[in-house]
Amino acid sequence: MMNRNAAIMLFAGTAALAACAPKAPEELPPPPAEAAAPAPAPTPTGPTGPVLGSQEHFVDAVNGQNVIYFDTDRYNIDSADAAALQTQAQYLGQYGQIRVTIEGHADERGTREYNLALGERRANAAKNYLVGLGVDASRIATVSYGKERPVALGSNEAAWAENRRAVSVVIN
Amino acid sequence: MKKITFTFIALLLAAPLSAQNKDLGGLVAEGGQVETAGIDASGEDAEGGLTFTVTDESDWADLGVAIPAFATDRDLATPANSSGTAALGREVARVITANLRNNGLFKPVGPDALPQPSFVQIRAPSWATWSGRGAEMLVHGFVQARSDGRLMFGCYLYDVALQDELVREGWVVPPADWRRAAHKCSDIIYSRLTGESPFFDSRIAYIAETGPKNKRIKRLAIMDSDGANHRFITLGSSTALTPRYSPDYKRLMYLSYVDGNPRIYVYDIGTGKQTLVTQSSNPTFAPRWSPDGRYILYSMAVSGNTDIYRVPAGGGTSVRLTDTPGIDIGGSYAPDGGKIVFESDRSGSQQCYVMDANGSNQRRISFFGGRCATPEWSPRGDQIAFTRIAGDFNISVMSPAGRNLRVLTSGWQDEAPTWAPNGRIIQFFRTERNTGRTALWQVDLTGRNERRLPTPVDASDPAWGPILP
């Protein structure tokens, strides 16, 4: 738990330095090239900001808390994760037409096949929590990328902490 | 009219399949038949015994083996070599020399440093020439272009001191498969001198990797055991992972994200088409064949809980073999098909377990420090190779009872062992710290002769098939 907190503080510090508190969509893993529906072309949003139904709208509304993080080899929802998922559930409660895919990820310090299964377990843990908060299960898909799609590229504790994550992505 | 209607219906039926085939490249050649042929006896007893006892690998490791160019009776044109059968004979000897040298076997000297024997000398070696060069073993061979377009190869192994023939074999192959004759010759040399089973005439499936760490392109690829005849099976528009050759080399199983989700496909090499291993919307991982090719193991996550299932390879009902909460994944059959070793985190961390082939009698076998992942049963049955996670990842072996742990490699992240067909060599992939670059490596069972395999691009998930049929 100490490691986890330290990693979050490190991460938060980095974000503050970058003067960019909510995670920008550019930092998200690339969507699967084979995904059925590609993200809509970035239509001009005008002064009113992101359009409902876009990932940007979701990320802005949940203040960047569309990503939750896990300890090594764990998939439990801790208090920080719970707070983030409550914010997501509020958004999904407000916009009943929105559906999401939760992408489960693991750090590189696990074997490939196990990490695929671990990512699936993390994505389901997040999904189950949202369902417990009243979101209809049919609105939440899951997919695991195991250790195949890291966002932090180093081979160190801080990078691994960032990569052990479940990312909620709006389905267009 | 009838034909047009039929075509239309066929197109309609084919339509749903096109999506799951969209990442596939063109057909790859399946390879021709290699026919074992009788070759003329030299007059000596073909079963003549060895003159020394193989007690330790260091004994034969120092054995000097001369491998001059294969001779040809007439230098004829062949599709196998633009310069004709004489040049092809030299090429074959080079392939054999590289096979033995790269695997740390004996002290081979190849055709570029040796005199060229004549066609008649193949069956009657010029002993003085070879004993004068200090060669203990002598490989001779010939190549002949046959009137039916195929090639005939003969391969002879002689003991120079005894002036005696140890073994001889001949093969008729299509020109495109000439390298298989070189591998078969390598195999009889290796088997005769070490007493071990052959392994050169085999293929490897693996994942070819390109691109930066966060946008890695992963393609299914295949190659011969020496890296030749390299082919990409998928195009790279979808991530491909964890391939396994069927024991008859007719099919490949692997994981693909072609429909956006991780699922196991069975790719038919002859038709170039693939099918899902099971009709389910759940993600499936970790495909494995039974040694006789009749069953498939796959792991499937249902509501986040992954278990191991078995299904007949020809289709049928899946049977769930594990049912504990947590991740049960992978699975590797003992060579007799009676038991399966697999990994599970039911005890809190990844450990290796053995069960009967029907899922009964599950028991943990790994009780040393660290975690036990990706277990693979040796084709000889006497060892289980696995990824040992204790800080770093290292390739290790243990007995099927979980005893006699030996750590064979010392990389930062060495993962996913696969056995040579004879259970003497283990390949794996090594990931580089920070860059995430990957490469295939191999090490022999004694921990010696560690080397990197040459691949056109970065590489992971090697899967070594059995001896080619």
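Reader: How many bridges join strand β13 of chain B to β14(B), and how do the two strands run?

Author: Strands of a sheet pair through backbone hydrogen bonds, either parallel or antiparallel. Here, in a predicted model where local features need pLDDT of at least 70, side-chain atom pairs count only at pLDDT 80 or more, and totals for chains, interfaces and linings use all residues, strand β13 (residues 263-268) of chain B is joined to β14(B) by three bridges, and the two run antiparallel. Residues are numbered from 1 along each chain as its sequence is written, while chains are lettered from A and ligands numbered from 1 in the order in which they are written. Strands are DSSP runs of E with at least two residues, helices are runs of H or I with at least four, and both are numbered from the N terminus; two strands pair if DSSP finds at least two bridges between them.

Reader: Which residue stands opposite B:Val266?

Author: B:Val266 faces B:Thr275, which lies in β14(B).

Reader: In what order do the strands of the open sheet lie, and which are the edge strands?

Author: The order in chain B is β11-β12-β13-β14, four strands with antiparallel pairing, and the edge strands, each pairing on one side only, are β11 (240-245) and β14 (274-276) of chain B.

Reader: Into which domains is chain B divided?

Author: Domain bounds come from an automatic or database domain assignment, and for chain B they give domain 1 (35-194) and domain 2 (203-464). Eight residues of domain 1 of chain B are in contact (C-beta atoms, placed from the backbone, within 7 Å) with 10 residues of domain 2 of chain B. On the domain 1 side of chain B that touches domain 2, α3(B) gives the most, with three residues.

Technical notes. Contact = placed C-beta atoms within 7 Å.
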